[in-house]
Amino acid sequence: MPFRSNDLKNDLVRLELLVPEHFDELYSVASDYRIWEQHPEKNRHEIEVFRKYFHSAQNAAAAYVIRDRVTSKIIGSSRFYQHNQFFKSIAIGYTFLAVDYWGGVYNRAIKQLMINHAFSLDIEHIIFHVGKYNFRSQKAVLKLGAKLFGESEFESTSNNPVNLEFRLSREDWEKHNKLHE
């Protein structure tokens, strides 16, 4: 699968393909309830709920653990999913980071790696599904240059499966990067 690249890295992070052996270390990050406070699945910090999340990652186009390049510790996860060859689109999401990595440059560094990788392939549009009340993540995707497209029902075990859908075109990404050089 073209999205399964194990060489996504920059000065801050390394994205490593998720394997079953990552479960314990990744769960030690995900067990912090604060990560999921604005998320539709607020109980994902519970081990059995997280286990479902983890196993669903193995069906994604590519799922990654995120490692801090300095400490080599796992600090979160993200994935590519819903690849649509006809529309030349892929979704990026299911991203979470340890609380200590919030509010800085890490989320942008991770998304930048994934977006650049997708656009190096035959992709023209990237989709982000964000919980309707996940205001932190909404701000983060807007900072990337994505635009709100609308609401979408999304497969979820939560009582609120409505997400906002943001889209980022290759053209908008290139413009956004030129403005922020």
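Contact here means heavy atoms within 4.5 Å. The views below come from a predicted model.

View 1. I47 is placed in helix 2. Beyond its sequence neighbours up to four places away, I47 touches F23 and Y27. I47 counts as partly exposed, at 36% relative accessibility. S28 is 19 residues from I47 in sequence. Their C-alpha atoms are 9.7 Å apart in space.

**View 2. Helix 1 packed on helix 2.** Helix 1 covers residues 23-30, and helix 2 covers residues 47-57. They pack at an angle of about 120°, with axes 11 Å apart. Helix 1 is therefore oblique to helix 2. The crossing of helix 1 and helix 2 is right-handed. Helix 1 brings F23, L26, Y27 and A30 to the contact. Helix 2 meets them with I47, F50, R51 and F54. By class, the contact of helix 1 with helix 2 has seven nonpolar residues, no polar residues and one charged residue.

**View 3. The largest nonpolar core.** This core has 49 residues. L15, F50, F80, F96, I115, I126 and F128 touch the most other members. Helix 3, residues 106-119, gives the most to the core, with seven residues.

**View 4. The surroundings of I115.** I115 is one of the residues that touch the most other members of the largest nonpolar core. Leaving out residues up to four places away in sequence, I115 touches I92, I126, F128, L144, L168 and W173. I126 and F128 also belong to the group of core residues that touch the most other members.

**View 5. Helix 3 packed on helix 5.** Helix 5 spans residues 170-179. Helix 3 and helix 5 pack at an angle of about 135°, and their axes lie 11 Å apart. That angle makes helix 3 oblique to helix 5. The crossing of helix 3 and helix 5 is left-handed. From helix 3, the contact takes R108, Q112, I115, N116 and F119. From helix 5, it takes R170, W173, H176 and N177. The residues of the contact of helix 3 with helix 5 divide into three nonpolar, four polar and two charged.

**View 6. H176 in helix 5.** H176 lies in helix 5. H176 has a relative accessible area of 10%. Buried means under 20%, so H176 is buried. Setting aside neighbours within four places in sequence, H176 is in contact with R108, K143, L144 and G145. R108 belongs to the helix 3 side of the contact with helix 5.

**View 7. A140 in helix 4.** A140 is placed in helix 4, residues 135-143. At 19% relative accessibility, A140 counts as buried. The cut-off for buried is under 20%. G103 is 37 residues from A140 along the chain. The C-alpha atoms of A140 and G103 are separated by 9.3 Å.

**View 8. R34 in the loop between helix 1 and helix 2.** R34 lies in the loop that joins these two helices. At 37% relative accessibility, R34 counts as partly exposed. R34 touches V99, W102 and R136, with residues up to four places away in sequence not counted. H125 lies 91 residues from R34 along the chain. The C-alpha atoms of R34 and H125 are separated by 31 Å.

**View 9. Two residues with positive phi, Q82 and K88.** Most residues other than glycine have a negative phi. Phi of Q82 is near 50°, a positive value in a residue other than glycine. Q82 is placed in strand 4, residues 74-84. The relative accessible area of Q82 is 47%, and Q82 is partly exposed. K88 has a positive phi of about 55°, although K88 is not a glycine. K88 sits in the loop between strand 4 and strand 5, the latter being residues 89-97. At 32% relative accessibility, K88 counts as partly exposed.

Technical notes:
Residues are numbered from 1 along each chain as its sequence is written. This is a predicted model: local features need pLDDT of at least 70, side-chain atom pairs count only at pLDDT 80 or more; totals for chains, interfaces and linings use all residues. Side-chain values use heavy atoms; hydrogens and water are left out. A nonpolar core is a set of buried Ala, Val, Leu, Ile, Met, Phe, Trp, Tyr and Cys residues joined through side-chain atoms within 4.5 Å. Buried means under 20% relative accessible area, exposed over 50%, partly exposed in between (1.4 Å probe, protein chains only). Helices (H or I, at least four residues) and strands (E, at least two) are DSSP runs, numbered from the N terminus. Axes are lines fitted to C-alpha atoms, for helices over the stretch in contact, and angles run from 0 to 180 degrees between N-to-C directions. Angles under 35 degrees count as roughly parallel, over 145 as roughly antiparallel, 65 to 115 as roughly perpendicular and the rest as oblique. A crossing is left-handed if the near helix is turned anticlockwise from the far one by less than a right angle, and right-handed if clockwise. Ala, Val, Leu, Ile, Met, Phe, Trp, Tyr, Cys and Pro count as nonpolar, Asp, Glu, Lys and Arg as charged, and the others, Gly among them, as polar.
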